[in-house]
Amino acid sequence: MLTATTQMLILFLIVILGFVISKLGYFDKPFSDKVSKILMDVTMPALVIASVGDLDGSGQWGLVATTIVVCLAANVVWTIAGYVVGRILHVVPTQRSLYAFMGFALNIGFMGLPLISALVGGQAVLMASLFILFGNLYMFTIGLTMLRMGPRSDDEEPSGHRKLEIPWKMLLSPAVIAALIAIVLFLGGIKLPYVLQESLSLVGGITGPLAMLLVGFFLSMQRVSDLIKEWRMYPFILLRQFLFSGLLTWAASFVIQDHSLLATLALMSCMPIGAMVPLFAGEAGRDALVASRFTVGTTVASFVSIPAMLVFLSVL
């Protein structure tokens, strides 16, 4: 619990730093756009490939297959949960796909993997890595397709009257290609040369901190009072981050016998919204400010949700 709390405090402090340096003029809109492209096309792919550097998946096909099924099922459930919460809160049609996206686009990489390693350890690290790999693949295909669907303003027609636009270019984006490469390396037990592995690790390592700095930039573009007044954020946290996470973990406990896999699913479920979500939201024409507020709000709520989940797991 101390490790989890410490990790989340680090993330929150980086957000505050991003807010401060943005107010001092180090960040502006053109610069943030360039940094966003670097994150999505360079550092994130490097992070995905580097995440399997110390893992050997050869001979573990059964474990891999089970974890992949659980991961994909979890992403679908998380997506439905986000959409249902959005409908419960009566969000406008232009926001529904964003709520569904926020339901599954969690911080399972920069925050989730270190926490899983520290709190569970062992083969759970392998499982968390697979969650990251297939979670990224889900995000860049189904997730972004869904996010780009629907009206872009309240004056547009409902999504059912608009032509479905599938971002085919995203299917060959650097992040998706990196995820596929990482899967091949993992299942094949292939190790990259030390110099290349360390280079990818260093480049990928800046993804989380730089993304959180950008969240601070997004926050600097609004008043703190607007964050506090984002009333839908509070029931979203209670419903999605606490209630749905607990119900999913409880239901999964009847099916999943491996404790490490159940713990991985449980902790991943109550992670906060990922730092990249405001970037994706802005690129898809959604409200990046709302996404950034929810990112920070759910991160703060993680101070409670993760320890609470650990307690809940102990009594299952």
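Because the model is predicted, local features require pLDDT of at least 70 and side-chain atom pairs count only at pLDDT 80 or more, whereas totals for chains, interfaces and linings use all residues. Residues are numbered from 1 along each chain as its sequence is written, and side-chain values use heavy atoms, with hydrogens and water left out.

Buried denotes under 20% relative accessible area, exposed over 50%, and partly exposed the range in between (1.4 Å probe, protein chains only). Residues up to four places away in sequence being excluded, L265 touches V70, A74, W78, F131, L248, A252 and I256, contact meaning heavy atoms within 4.5 Å.

L265 is also one of the buried residues of helix 13. In this helix (residues 259–269), 10 of the 11 residues are buried, so it is largely enclosed by the rest of the structure. The N-terminal end of helix 13 is capped by D258, a side-chain oxygen of which lies 2.9 Å from the backbone nitrogen of S260. S269, another buried residue of helix 13, is in contact with S245. S245 is located in helix 12 (residues 233–252) and is buried, at 1% relative accessible area.

On the surface, L9, L13, I16, V20, L24 and Y26 form a nonpolar patch with about 600 Å² of accessible area together. Such patches join nonpolar side chains (Val, Leu, Ile, Met, Phe, Trp, Tyr) within 5 Å, from residues with over 30% relative accessible area and no salt bridge. Areas were computed by the Shrake-Rupley method with a 1.4 Å probe.

The whole structure contains 3 salt bridges, each defined by a side-chain nitrogen of Lys or Arg within 4 Å of a carboxyl oxygen of Asp or Glu. K29 pairs with D33 at 3.0 Å, and both lie in helix 2 (residues 29–50). K37 pairs with D41 at 3.3 Å; these residues are 4 residues apart in helix 2, about one helical turn. E230 and R293 meet at 2.7 Å. E230 lies in the loop between helix 11 (224–228) and helix 12 and R293 in helix 15 (residues 288–315), so the pair ties together parts 63 residues apart in sequence. E230 is buried at 13% relative accessibility, as is R293 at 12%.

Terms used: Helix = DSSP H or I, 4+ residues; strand = E, 2+ residues; numbered from the N terminus. Patch = residues over 30% accessible without salt bridge, like charges linked within 9 Å, V, L, I, M, F, W, Y side chains within 5 Å. Polar contact = N/O pair within 3.5 Å; in protein donor to acceptor, adjacent residues only side chain to side chain.
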